[in-house]
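Open the model in your viewer and keep the selection tool at hand.

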Amino acid sequence: MNALKRIIVVINGTMTRNRLVHTFKLVNILRYIFKEVIILSSRSATDLLENHNLLQFFKSSCTLILLDSLCPVIGSRLCKSPKISVTPLLKEWLLHVVQLIRLHRRLKDKSVFLILGTSNIPAIILARIPYRSRVYIFAGGFESRRLASLDGGVRRIIKVLRQYIAKLIELMSIMLTHYLIIESRSAVKHIPVPFPIRDLILKRKVYTYGALYVDTNKFKYIYPLNERRNVVGYIGTLDQNRASVELIYAFKLLSRVKKYVEFLLISSGPLKPKLIEVVNKDHELKSKLKIMDFVSYDEMPKYMNMLKVLVFPSRSEGLPNTVIEALACGCIVVASPVGGIPDVIIHDRTCLLYTSPSPRDLSTSRMPSS
């Protein structure tokens, strides 16, 4: 039982709503396996402060350590971010290294490390060498794949350079870990491993059944589709990876050709102000589109049961919570065939897949009749 005494979950990047939901589901599983669960994240989740039930759950189930001063730390002292000017990735690496060194007394006996994300080499090295622990990577997607899918904003040579650096970092992380956990079989082809060692890596290090559960007591089919209004919606971050600009222009086209359709956006993200500006200039779309900030996780099933169609135009994914939870609520899902999405959607039978996130492709996908 000593091997199952403690697990440290290290989270890369900002604790967004999706990562918060992933963390909640992971802790809900891990607390029955390990005596102690420690969550380490470099940036705070504002959603956590707004959701009393999630906050109480984390207080009672784990030790949550956040490395900036936006959110109070649960179960441990706060380690504030150093006042340094470096790239976000390097700063994040430094924060995790500092905090793991501070925890050395608690980690000196064998623990298990679960790294969420494929770009945290310093945490993997610390876990493997000084702490002599087993290390697992949970990959909800690959950064190199996401960078390759983005267009515009940077010169091509910079984009290619960033992509190759990301591939190298991810390759080193995969080589150093004991197991790479991915959410479904379709995600295997996106693993950034060169062909000479690909089969060896896949055979020895890759576990392809890491999809997290859906709470079907919460996310369930309440209203039949024929009793729902013709609402087409999107729930998620508004950024380039989610093809947010194309999504809004698809809604704009659809508002002209499908007069009976309404739209709902439940979202946040860097492109939200720009997209609101686009909507405000279009009277037809503005009259049919409702824009909301993220609602609490407990309220999400209610809004998913209001939707007839969920559009999910992502360029790079693992297996998103939003898609599988929307399916559980009976939504028709129109999604891009990336990551693990093709493993849960059968085109033209359960839902729809489209080939590109262009406004025309999105707006001409088969919609439910009025």
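This is a predicted model: local features need pLDDT of at least 70, side-chain atom pairs count only at pLDDT 80 or more; totals for chains, interfaces and linings use all residues.

**Stop 1: α10 and α11**

Select residues 244–257 for helix α10, then residues 272–280 for helix α11. Their axes come within 10 Å and cross at roughly 15°. Angles under 35 degrees count as roughly parallel, so α10 and α11 are roughly parallel to each other. The crossing is right-handed. Which residues of α10 and α11 meet here? Show Ser244, Val245, Ile248 and Tyr249 in α10. Facing them in the contact are Leu275, Val278 and Val279 of α11. By class, this contact has six nonpolar residues, one polar and no charged ones.

**Stop 2: α1 and α14**

Now select α1 (17–30) and helix α14 (residues 321–328). The two pack at an angle of about 70°, and their axes are 10 Å apart. That angle makes α1 roughly perpendicular to α14. On α1, display Arg17, Asn18, Val21, His22 and Lys25. On α14, display Asn321, Thr322 and Glu325. Colour this contact by class: one residue is nonpolar, four are polar and three are charged.

**Stop 3: the second largest pocket**

By class, the lining has 18 nonpolar, three polar and three charged residues.

Definitions and conventions. Residues are numbered from 1 along each chain as its sequence is written. Side-chain values use heavy atoms; hydrogens and water are left out. Helices (H or I, at least four residues) and strands (E, at least two) are DSSP runs, numbered from the N terminus. Ala, Val, Leu, Ile, Met, Phe, Trp, Tyr, Cys and Pro count as nonpolar, Asp, Glu, Lys and Arg as charged, and the others, Gly among them, as polar. Axes are lines fitted to C-alpha atoms, for helices over the stretch in contact, and angles run from 0 to 180 degrees between N-to-C directions. Angles under 35 degrees count as roughly parallel, over 145 as roughly antiparallel, 65 to 115 as roughly perpendicular and the rest as oblique. A crossing is left-handed if the near helix is turned anticlockwise from the far one by less than a right angle, and right-handed if clockwise. Contact means heavy atoms within 4.5 Å.
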